[in-house]
Amino acid sequence: MIGVENQSDIHYAIPVKNMFYDVMAYGNQVKETAKKHRKDKDTTTSDEFFSGFTKEDKLIPVITITVYLGTKEWDGPRKLSDMFGDVDEELMPFIPDYRINLLAPREITDFTGFRTSIRQLFEVLKNAYDKEKMQEVLQNDEKFSRVDRETVEAINLFAGTDIDIDEKEEVIDMCKAWEEQKNEGRELGREEGRKLGREEGEREKKVEKKAEFVRQK
């Protein structure tokens, strides 16, 4: 059984959180097996009866994958022992550890193994902190010329981008949208600069008028 734990932020107690989910899944398996044995009345020894589990019964392995969709580098614990303070080394062999399965885009170096649009999401998240790298990725990968709406919405949500999505379009050319967004940003910047220039000019005129008024007095 595979479970996915999505994290948009770093969780500094994730080993305990995931371990709890896994233990609950195993506990439910044992509970359902015991329930079946009680119904069928097929346990043959007192050990099996009190365990609710026979020597032949088996558990289905449980795997929890933590998918970290944040843009910051993961600096949280990766195993239970990372959360311990000072522990006598002689005790460590007796303390069960628990390791998380972490999938963090910032740590991925090869995206070719991804066969769905999650590849585009992960690539953007990996480079979201660097606009130049983001532009390089968008321009050099033709897969970004046709990205489904849901993926672009996820990119806007997790990467903090503001890519316009036409309600009529199911597929978006992210490279084109990114360029248009940049151009709009530059135009807004120029307009803001012109506005500030006009405001500064008006302030200077008012100052000059006040100075002239004082001189006349």
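Let's start with helix 5, whose buried residues are Arg 149, Thr 151, Val 152, Ala 154, Ile 155, Asn 156 and Ala 159. This is a predicted model. An α-helix has 3.6 residues a turn, so residues three or four places apart point the same way.

Both ends of this helix are worth a look. At its start, the backbone nitrogen of Glu 150 lies within 3.3 Å of a side-chain oxygen of Asp 148. After helix 5 comes Gly 160, with a positive phi near 75°.

## A neighbour for helix 5

Two packed helices are described by the angle between their axes and the distance between the axes. For helix 3 and helix 5, the axes come within 10 Å and cross at roughly 25°. Angles under 35 degrees count as roughly parallel, and therefore helix 3 and helix 5 are roughly parallel to each other. Their crossing is right-handed.

Helix 3 brings Gln 120, Leu 121, Val 124 and Leu 125 to this contact, while helix 5 brings Thr 151, Ala 154, Ile 155, Phe 158 and Ala 159.

In soluble globular proteins, nonpolar side chains tend to be buried together. Here the largest nonpolar core has 21 residues, and those touching the most other members are Leu 121, Phe 122, Val 124, Phe 144 and Met 174. At least two residues of this core come from each of helix 3 (118–127), helix 4 (131–140) and helix 5 (149–159).

Leaving aside residues up to four places away in sequence, Met 174 touches Val 124, Leu 138, Phe 144, Val 147, Val 152, Ile 155 and Ile 163. There is also a second, separate core of 9 residues, with Ile 14, Tyr 68, Trp 74 and Leu 80 among them.

## Thr 66 in strand 2

Now turn to Thr 66, which sits in strand 2 (residues 63–68). Thr 66 has a relative accessible area of 0%, so this residue is buried.

What does the side chain of Thr 66 make a polar contact with? The partner is the side chain of Asn 18, at 2.6 Å. Not counting residues up to four places away in sequence, Thr 66 touches Glu 5, Gln 7, Ile 14, Asn 18, Asn 101, Leu 102 and Leu 103.

## The whole chain

Stepping back, the chain holds 6 helices and 5 strands. Read from the N terminus on, its elements run β-α-α-β-β-α-α-β-α-β-α. The chain has 217 residues, of which 29% count as buried. Among contacts in the chain with a separation of 6 or more, 59% are between residues 24 or more positions apart.

Notes. Residues are numbered from 1 along each chain as its sequence is written. This is a predicted model: local features need pLDDT of at least 70, side-chain atom pairs count only at pLDDT 80 or more; totals for chains, interfaces and linings use all residues. Side-chain values use heavy atoms; hydrogens and water are left out. A nonpolar core is a set of buried Ala, Val, Leu, Ile, Met, Phe, Trp, Tyr and Cys residues joined through side-chain atoms within 4.5 Å. Buried means under 20% relative accessible area, exposed over 50%, partly exposed in between (1.4 Å probe, protein chains only). Helices (H or I, at least four residues) and strands (E, at least two) are DSSP runs, numbered from the N terminus. Contact means heavy atoms within 4.5 Å. A polar contact is a pair of N or O atoms within 3.5 Å; within protein, one must be able to donate a hydrogen and the other to accept it, and residues adjacent in sequence count only if both atoms are side-chain atoms. Axes are lines fitted to C-alpha atoms, for helices over the stretch in contact, and angles run from 0 to 180 degrees between N-to-C directions. Angles under 35 degrees count as roughly parallel, over 145 as roughly antiparallel, 65 to 115 as roughly perpendicular and the rest as oblique. A crossing is left-handed if the near helix is turned anticlockwise from the far one by less than a right angle, and right-handed if clockwise.
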